[in-house]
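Please keep the 3D view open and look up each residue as you read.

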Amino acid sequence: MAVAGEDPYRSFISGEGEKDTVWRFGAPPNYDVVNKLFEEGRTNIWPVGSLEEKVQRMVKTWEMELVHKVRPQDFKSVNIEKFRLSVNGRKGLTSAEISEIGGSYNAFLQTNLPKELRIYDPEEETRQSSSKEFATTFPRGFALEILQVYSGPPVVAYSFRHWSYMEGPFKGHAPTGELVQFSGVGIFHVNAETRVENVELFYERGDFLSSFLKGAPLAQGEAAGGCPFVSS
């Protein structure tokens, strides 16, 4: 990976190499709030330069570019010509296909459930609506840590944890303030330049989404809007 920019956990946000980058929300993202959540809740502090720290930076950087960079040519952690993302064994998606289905949340939360059983329906959400929904629910962002690395490049296998606190409403359910989290396994296939070519993610989406239903139903009009910035 390249030398880190100003963010302590992600690369390719600032510096000369990003002067022509087109950012989805008009400017580079600021991760100060979610970084604080991460530092307060992580279970390991990986030494800088360790395999675990490098993999954690790789994953966080890839997620940042997927969410915040508009043009594929601005992605520096990815070999965009070969890139595919597969979730829970589903068909791999190109960056263009991820955009077509409404962005990263819709890609990560694909489902075969009947529509009437879907807590979150990626077929009905847009990039804007999904970003607003989760930013409202998680105003401090959605932290990510690498728990263990099983193998290094070119096939990077690792386990991870995502977490935050439900401090805002979700789909008509009141905030609970409770911890919401899920764990999973990721496999990154990278080339000789450590650019990601294929991502496979495996995790249980249902338990994560069902945790939002613990909040009491809100009266119509009570749910507040949120900032569209996505952090992890």
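The points below go through ring pairs, charges over rings, one serine, a surface patch and salt bridges.

1. First, a word on what you are looking at: this is a predicted model. Please keep that in mind for every distance and angle below.

2. Let us begin with the aromatic rings. Searching the whole structure gives 22 aromatic pairs. One of them joins Tyr-9 and Phe-38 in an edge-to-face arrangement, with 4.9 Å from centre to centre and 75 degrees between the planes. This pair links distant parts of the chain, since Tyr-9 is in the segment before α1 (32-41) while Phe-38 is in helix α1, 29 residues apart. Both Tyr-9 and Phe-38 are buried.

3. For another geometry, turn to Phe-138 and Phe-142. Their ring centres are 4.9 Å apart and their planes meet at 5 degrees, so this pair counts as stacked; the cut-off for stacking is planes under 30 degrees apart. Phe-138 is buried, and Phe-142 is buried too.

4. Which charged end sits over the ring of Tyr-9? Here the residue is Lys-60, whose charged end is 5.9 Å from the centre of the Tyr-9 ring.

5. Next, have a look at Ser-131, which belongs to helix α5 (residues 127-137). Is Ser-131 buried or exposed? Its relative accessibility is 7%, so Ser-131 counts as buried, the limit being under 20%. The side chain of Ser-131 reaches the backbone oxygen of Arg-127, at a distance of 2.9 Å.

6. On the surface, a nonpolar patch is formed by Tyr-150, Val-185 and Phe-202, which together have about 260 Å² of accessible area. Phe-202 has its place in strand β5 (residues 196-203). With a relative accessible area of 35%, Phe-202 is partly exposed.

7. Now for the salt bridges, of which the structure holds 19. In one of them, the side chains of Glu-18 and Lys-76 meet at 3.1 Å, N to O. Distant parts of the chain are linked here: Glu-18 is in the segment before α1 and Lys-76 in the loop between α2 (51-68) and β1 (84-87), 58 residues apart. The two partners fall into separate classes, as Glu-18 counts as buried at 7% relative accessibility, whereas Lys-76 counts as partly exposed at 22%.

8. Lys-36 is partly exposed, with a relative accessible area of 48%.

9. Glu-97 and Lys-91 give one more example, with their side chains meeting in a salt bridge at 3.3 Å, N to O. Glu-97 is partly exposed, having a relative accessible area of 25%, while Lys-91 counts as exposed at 56% relative accessibility.

10. Finally, which residues are linked in a network of salt bridges? They are Lys-115, Arg-118, Asp-121, Glu-123 and Glu-124.

Methods: Residues are numbered from 1 along each chain as its sequence is written. This is a predicted model: local features need pLDDT of at least 70, side-chain atom pairs count only at pLDDT 80 or more; totals for chains, interfaces and linings use all residues. Side-chain values use heavy atoms; hydrogens and water are left out. Rings of Phe, Tyr and Trp (its six-membered ring) pair if their centres lie within 6.5 Å; planes under 30 degrees apart count as stacked, over 60 as edge-to-face and the rest as tilted. Helices (H or I, at least four residues) and strands (E, at least two) are DSSP runs, numbered from the N terminus. Buried means under 20% relative accessible area, exposed over 50%, partly exposed in between (1.4 Å probe, protein chains only). A charge sits over a ring if NZ of Lys or CZ of Arg is within 6 Å of the ring centre and within 35 degrees of the ring normal. A polar contact is a pair of N or O atoms within 3.5 Å; within protein, one must be able to donate a hydrogen and the other to accept it, and residues adjacent in sequence count only if both atoms are side-chain atoms. Patches are made of residues with over 30% relative accessible area and no salt bridge: like charges are joined within 9 Å, nonpolar side chains (Val, Leu, Ile, Met, Phe, Trp, Tyr) within 5 Å. Accessible areas come from the Shrake-Rupley method with a 1.4 Å probe; for residues, only the protein chains shown count as cover. A salt bridge is a side-chain nitrogen of Lys or Arg within 4 Å of a carboxyl oxygen of Asp or Glu.
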